[in-house]
Amino acid sequence: MKITRVGYERLNLRLSQPYTIAYETIDHTVNFILKVETDTEIVGYGCGAPDKIVTGETADEVEASIENTIIPLLKGKDPFTYAHILVELKAQLGRKSSSLTMVDMALHDLISKKAGVPLYRFLGGFQNSIPTSITIGILPLEETLEQAREFVGRGFFILKVKGGHSLEEDIEKMTRLHQEFPGVTLRFDGNQGYSVLDSVTFVKATGQIGIEIFEQPTQREKEERLGEVMNQVDIPVMADESLKTLTDAFRLAQNERVDMVNIKLMKVGGILEAMHINSVAKAAGIESMIGCNDESALGISAGLHFALSRPNVRYADLDGHLDVVDDPFKGLFHLREGVLYPTEAPGLGVINYR
């Protein structure tokens, strides 16, 4: 099987529900859809969701990478040599991680379609479903509770709450959420907004709640502070912004700075790199969560298939598609009562697109 043609589409997608995190408010997203055709009837699809802070690229830079580097490099290649292709591509693109992810995704889609099985089974097929959290951005207390009621009413039983602007307000929100929804699992993401003292104070003040995960409370540039927090609290501390590369995973593990890592395909450069990072985490006794950016269901599908293929991926935060207006990739998986299930279609589940 050889790649004969590569095309792409730029999607400017509006979010139905803008949200705020500790350092920005987001109301839209740009996704690139890569279409890779072969000398067979098999076509592979990949998704890139650039974010200058998270992936190191703007949308215009991704488009330039596609036209000037990705298309010329892929033509004539055998998709089954994906490891070699991705090494060659990374040498040219550097840390433009969503561009790498887009290609990685399309190649994995192709080879699992050639095998005639869903990607999660091609990669190992450890499980066939995983619960996901749904995220509440930084909102006033009453709006937070109102959104939580909506999500719980839709069947979600894991809420991930964003904070980092106000320690006092965050404590009050988590306390009130627990009071109103005692059976719901709560996770908290500080998005780098806390000091070590703030982090410890937050955990002590919410100790009765049983928060499941405490995600990236301190600044990425001060990585050692994650370890200081971890050593003073009794709930799992997770790295997100501090984890972008395999080297980051090794350093975090070697220095014993976190209990968990949030692996986002767009952030780390694709499925192959995510598997390497997860292996380092597993060797160090660190559990993994699969997260996401604001992505169409195509990007979420890739994250889901990766998560289902590996025993060390115990948690999922795959809700980035839910607020995307006019998502062209609906139906690639099923979401029922807060649990994600793949279809049994080959690859990532894309049968026909445009």
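How many bridges join β13 to strand β14? Four bridges join β13 to β14 (residues 339-342), and the two strands run antiparallel. The model is predicted, so local features need pLDDT of at least 70, side-chain atom pairs count only at pLDDT 80 or more, and totals for chains, interfaces and linings use all residues. Residues are numbered from 1 along each chain as its sequence is written, and side-chain values use heavy atoms, with hydrogens and water left out. Helices (H or I, at least four residues) and strands (E, at least two) are DSSP runs numbered from the N terminus; two strands pair if DSSP finds at least two bridges between them.

**Three-stranded sheet**

- The order β4-β14-β13 describes an open sheet of three strands with antiparallel pairing.
- β4 (130-131) and β13 (333-336) are the edges; each has a single partner strand, so one side of each lacks a neighbour in the sheet.

**Eight-stranded sheet**

- Eight strands with parallel pairing form an open sheet in the order β5-β6-β7-β8-β9-β10-β11-β12.
- Its edge strands, β5 (134-136) and β12 (313-316), each pair on one side only.
- Strands β7 (residues 185-189) and β8 (residues 213-215) run parallel and are joined by three bridges; Asp189 has Glu215 in β8 as its bridge partner.
- Helix α12 (residues 271-283) packs on the sheet, where it touches β10 (260-264), β11 (287-291) and β12, and its direction makes about 175° with that of β10.

**Cavities**

- A cavity is a set of points, on a 1 Å grid over the protein atoms alone, where a 1.4 Å probe fits but cannot get out; lining residues have an atom within 4 Å of a point.
- Two cavities of 30 Å³ or more are counted, where volume is the space filled by probe spheres set on points joined across faces, edges and corners.
- The largest cavity holds about 40 Å³, and its lining includes Val203, Asp234 and Ile235.
- The second largest cavity holds about 30 Å³, with Lys264, Cys292 and Leu318 among its lining residues.
- α11 (265-268) and α13 (297-309) are the elements that give two or more residues to this second lining; α13 gives the most, with three residues.

Note on methods:
Contact means heavy atoms within 4.5 Å. Axes are lines fitted to C-alpha atoms, for helices over the stretch in contact, and angles run from 0 to 180 degrees between N-to-C directions. On a 1 Å grid over the protein atoms alone, a cavity is a set of points where a 1.4 Å probe fits but cannot get out, and a pocket is an open set with protein on both sides within 12 Å along at least five of seven lines; lining residues have an atom within 4 Å of a point.
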